Amino acid sequence: MKRLSILGSTGSIGTQTLEIIKENPSEFVVEALAANSNIDLLEAQVREFKPRITAIRDETKYKELKKRIGGMTQLTAGLEGITDAAVAENCDTVVSAIVGIAGLVPTYNAIKAGKNIALANKETLVAAGRIITKEVKKNKVRMLPVDSEHSAIFQSIGSNSRNAISKIILTASGGPFRTKTMEELEAVTVQDALKHPNWSMGRKITIDSATLMNKGLEVIEARWLFDVMPEAIEVCVHPQSIVHSAVEFVDGTVIAQLGLPDMKIPIQYALTYPERLAMGGKKLSLTSIVELNFYKPDTEKFKCLRLAFRALEMGDSACVVLNGSNEEAVRLFLDGKISFLDIGNLIERTLDKHKIIKDLSIDDVADLDRWSRETLNNLYKVGCCS
Ligand code: NDP
Ligand code: MG
């Protein structure tokens with residue numbers, strides 16, 4: 001039986017993870033749950049899954065939650081509380097599914113405590129890929145991807161050696177605005193951007209998918225997960241989201257992983273690897289696929305993808321800035337303060353102001369994340385967007 005700690009249990013990935021656990025009660029035990037502020041859902045989860053530890057990040061919610069479930073679980077709060085859940089004594093695998101940079105420190109602490117990681121929180125690798133991969137090696141833990149593209153790449157690599165890989169082909173749905181012109185993009189609303197054609201996800205990643213920053217973050221995630229250089233990563237727009245990604249090998253062979261777009265498949269595989277568990281639901285039928293299309297991404301229209309490659313080229317600290325400024329820009333967009341195209345414009349200007357810092361520590365990452373947010377907000381306040 002695997003003993004799991006689920007960080008971000010009330011989110012899209014967290015709730016789907018709990019569905020898998022519910023469907024396979026003899027395979028998994030929930031050791032800890034952690035969320036930010038949704039105490040109604042967290043309470044229901046505690047009643048159903050009976051974790052030994054439960055953490056709530058928002059300390060103002062602690063008292064109320066304590067009143068509701070105090071006797072049923074060890075309740076902790078704040079960042080320290082989230083860390084308690086991340087390093088829970090009997091847990092062997094941590095599902096890292098908090099959204100944004102907030103997931104970094106808990107994931108880092110879980111690795112240091114010797115926990116295997118099922119990684120959904122890509123921002124952890126974007127902001128601290130070098131630090132995290134070093135800790136994974138040092139602590140001899142396993143970090144397996146939950147992200148569907150990276151799960152596909154991991155499965156396509158299989159038992160091949162690193163030297164056999166010549167290229168990673170990362171597919172992208174293209175998001176809801178794939179066919180829009182630049183002029184049309186100027187007028188899109190938050191509601192338009194939240195309508196993803198193939199996937200139902202949290203708000204932040206849904207906006208990232210619309211700007212293609214999600215693919216940019218995934219390029220950086222792939223760079224660290226599979227130890228490949230940016231030149232060996234190709235992004236390919238594939239609107240049907242059936243080919244979840246592919247790997248080209250030195251002999252010209254290309255191996256891809258296919259399936260219906262359902263996050264439960266990669267989540268479950270990250271939890272059961274190297275085994276596979278049966279899963280209900282619709283299966284992919286090749287003969288009912290009308291067509292599969294593949295295009296080069298338009299990085300003029302979707303500048304965020306271009307900026308991610310630029311940050312990778314600049315160096316590790318630029319990736320922290322890319323991530324922090326993106327989180328802040330997405331927040332401003334969701335709050336109705338900036339337009340869709342301003343997201344990329346503000347991130348670009350923030351990157352322009354950044355001077356590379358070498359040999360980052362985890363504290364440097366936190367400082368630089370703060371700097372990026374402040375810088376982007378200042379640019380917004382002085383009217384550096386349309
Ligand atoms: P959601 O917004 O749906 O959920 C986020 C979760 O994180 C919630 O449980 C939320 O709690 C919790 N949370 C937010 N901030 C904090 C904090 N400061 N401390 C502790 N917990 C916090 O996001 P998703 O599930 O969509 O995404 C999670 C991660 O997985 C992201 O990094 C995303 O990029 C990645 N991912 C998601 C995919 C998807 O299909 N959704 C696919 C591939 C990757 P509360 O509910 O209380 O606010
Ligand atoms: Mg993905």
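**Note on a predicted model**

1. Asp369 lies in helix H16 (residues 362-381); helices (H or I, at least four residues) and strands (E, at least two) are DSSP runs numbered from the N terminus. The model is predicted, so that local features need pLDDT of at least 70 and side-chain atom pairs count only at pLDDT 80 or more, whereas totals for chains, interfaces and linings use all residues. Residues are numbered from 1 along each chain as its sequence is written, chains are lettered from A and ligands numbered from 1 in the order in which they are written, and side-chain values use heavy atoms, with hydrogens and water left out.

2. Asp369 has a relative accessible area of 9% and is therefore buried, the term meaning under 20% relative accessible area, with exposed over 50% and partly exposed in between (1.4 Å probe, protein chains only). Not counting residues up to four places away in sequence, Asp369 touches Ile101, Val320 and Gly324, where contact means heavy atoms within 4.5 Å.

3. The side chains of Asp369 and Arg373 form a salt bridge with an N to O distance of 2.9 Å. A salt bridge is a side-chain nitrogen of Lys or Arg within 4 Å of a carboxyl oxygen of Asp or Glu. The two side chains are also joined by a polar contact of 2.9 Å, that is, a pair of N or O atoms within 3.5 Å; within protein, one must be able to donate a hydrogen and the other to accept it, and residues adjacent in sequence count only if both atoms are side-chain atoms. Both Asp369 and Arg373 belong to H16, 4 residues apart, about one turn of the helix. An α-helix has 3.6 residues a turn, so residues three or four places apart point the same way.

4. Under the salt-bridge rule the count comes to 33. In helix H14, Glu328 and Arg331 are 3 residues apart, about one turn, and their side chains meet in a salt bridge of 2.6 Å, N to O. Glu328 counts as buried because its relative accessibility is 7%, while Arg331, at 36%, counts as partly exposed.

5. A further salt bridge links Lys67 and Glu64, whose closest N and O atoms are 3.4 Å apart. These two residues are separated by about one helical turn because they stand 3 residues apart in helix H3 (residues 62-69). Lys67 is exposed at 68% relative accessibility, and Glu64 is partly exposed at 30%.

6. The protein chain is divided into domain 1 (2-145), domain 2 (150-261) and domain 3 (303-381); these bounds come from an automatic or database domain assignment. The centres of domain 2 and domain 3, taken over C-alpha atoms, are separated by 21 Å. Their contact takes 27 residues from domain 2 and 18 residues from domain 3.

7. About 1900 Å² is buried between domain 2 and domain 3, and carbon and sulfur atoms give 83% of this area. Buried area is the accessible area (1.4 Å probe) that two parts lose on being put together, summed over both. Thr211, Met213 and Ile220 supply 27% of the area that domain 2 buries against domain 3, more than any other three residues. Between the two domains the count is 0 salt bridges, and the rule finds 1 residue pair in polar contact (both at pLDDT 80 or more). On the side of domain 2 that touches domain 3, at least two residues come from each of helix H8 (182-186), helix H9 (190-193), helix H10 (203-211), helix H11 (213-225) and strand S9 (233-237). H11 gives the most to that side, with 8 residues.

8. In H10, 7 of the 9 residues are buried, including Thr206, Ile207 and Thr211. The elements against which its buried residues pack include helix H6 (123-138), H9 and H11, as well as helix H13 (303-314).

9. Strand S2 (residues 28-35) and strand S3 pair in the parallel sense over 4 bridges; two strands pair if DSSP finds at least two bridges between them. Leu33 stands opposite Thr54 in S3. From S3 (residues 53-56), Ile53 and Ala55 point one way and Thr54 and Ile56 the other way, and all are buried.

10. Strand S10 (residues 243-249) and strand S11 (residues 254-258) run antiparallel and are joined by 5 bridges, with Ala246 opposite Ala256 in S11. S10 and S11 form a hairpin with 4 residues between them, and Gly252 in the turn has a positive phi of about 95°.
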